[in-house]
Amino acid sequence: MKKPIYRVVVDFEYQNKGTRTQKKYATIDSFAYSTEEEEVKEHLMGRMLRKIRRKEDQVIIKIKNIENKGQYGYTSDRF
């Protein structure tokens, strides 16, 4: 079954675990299978961690804004 592919711009904040202040902000522009916050976070977690150069157990990530730039087609149906 084909799924739609969306281009999304995600603004997120992150901070190291164990600190109380110093939140940092970053933006990532990528493609995702959904525009729902939890699904986008699950799908793009690897990209966000690579961008901020941290491992998942070292940081807390909160998505601030998801901007949907539009639908760019569908996934291929191989079977």
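**Figure 1. Salt bridges across the predicted model.** A search of the whole structure finds four salt bridges, a salt bridge being a side-chain nitrogen of Lys or Arg within 4 Å of a carboxyl oxygen of Asp or Glu. Side chains of opposite charge can pair when their charged atoms come close. The structure is a predicted model, in which local features need pLDDT of at least 70 and side-chain atom pairs count only at pLDDT 80 or more, while totals for chains, interfaces and linings use all residues. Residues are numbered from 1 along each chain as its sequence is written, and side-chain values use heavy atoms, with hydrogens and water left out.

**Figure 2. The salt bridge between Arg7 and Asp29.** The side chains of these two residues meet at 2.6 Å, N to O. The pair links distant parts of the chain, with Arg7 in strand S1 and Asp29 in strand S2 (residues 24–32), 22 residues apart. Helices (H or I, at least four residues) and strands (E, at least two) are DSSP runs, numbered from the N terminus. Arg7 is partly exposed, with a relative accessible area of 26%, and Asp29 is also partly exposed, at 43%. Here buried means under 20% relative accessible area, exposed over 50%, and partly exposed in between (1.4 Å probe, protein chains only).

**Figure 3. The salt bridge between Glu13 and Lys64.** The closest N and O atoms of Glu13 and Lys64 are 3.8 Å apart. Glu13 lies in strand S1 and Lys64 in strand S3 (residues 59–74), so the pair ties together parts that are 51 residues apart in sequence. Glu13 is buried, with a relative accessible area of 5%, whereas Lys64 counts as exposed at 53% relative accessibility.

Figure 4. In the pair formed by Lys69 and Glu67, the closest N and O atoms are 3.4 Å apart. Lys69 counts as partly exposed at 43% relative accessibility, and Glu67 counts as partly exposed at 37%.

**Figure 5. The surroundings of Phe12.** Phe12 has its place in strand S1 and is buried, with a relative accessible area of 1%. Not counting residues up to four places away in sequence, Phe12 touches Lys24, Tyr25, Ala26, Thr27, Ile28, Met48, Ile52, Ile61, Lys62, Ile63 and Lys64. Contact means heavy atoms within 4.5 Å.

**Figure 6. The surroundings of Val9.** Val9 is placed in strand S1 (residues 4–16) and is buried, with a relative accessible area of 14%. Leaving aside neighbours within four places in sequence, Val9 is in contact with Thr27, Ile28, Asp29, Asn65, Ile66, Glu67 and Lys69. The C-alpha atoms of Val9 and Tyr25, which are 16 residues apart along the chain, are separated by 13 Å.

**Figure 7. A negative surface patch that includes Glu39.** The patch is formed by Glu36, Glu37, Glu38, Glu39 and Glu42. Patches are made of residues with over 30% relative accessible area and no salt bridge; like charges are joined within 9 Å, and nonpolar side chains (Val, Leu, Ile, Met, Phe, Trp, Tyr) within 5 Å. Glu39 lies in helix H1 (residues 37–52) and is partly exposed, with a relative accessible area of 45%.

**Figure 8. The backbone at Arg53.** Arg53 is placed in the loop between H1 and S3. Phi of Arg53 is near 60 degrees, a positive value in a residue other than glycine. Most residues other than glycine have a negative phi. Arg53 is exposed, with a relative accessible area of 73%.

**Figure 9. The chain as the setting for the close-up views.** One helix and three strands make up the elements of the chain, running β-β-α-β from the N terminus on. Along its principal axes the C-alpha trace spans about 45 × 25 × 15 Å. Of the 79 residues in the chain, 29% are buried. Among contacts between residues at least 6 apart in sequence, 64% join residues at least 24 apart.

Terms used: Accessible areas come from the Shrake-Rupley method with a 1.4 Å probe; for residues, only the protein chains shown count as cover. Lys and Arg count as positive and Asp and Glu as negative; His and the chain ends are not counted. The place of a charge is taken as NZ of Lys, CZ of Arg, CG of Asp or CD of Glu.
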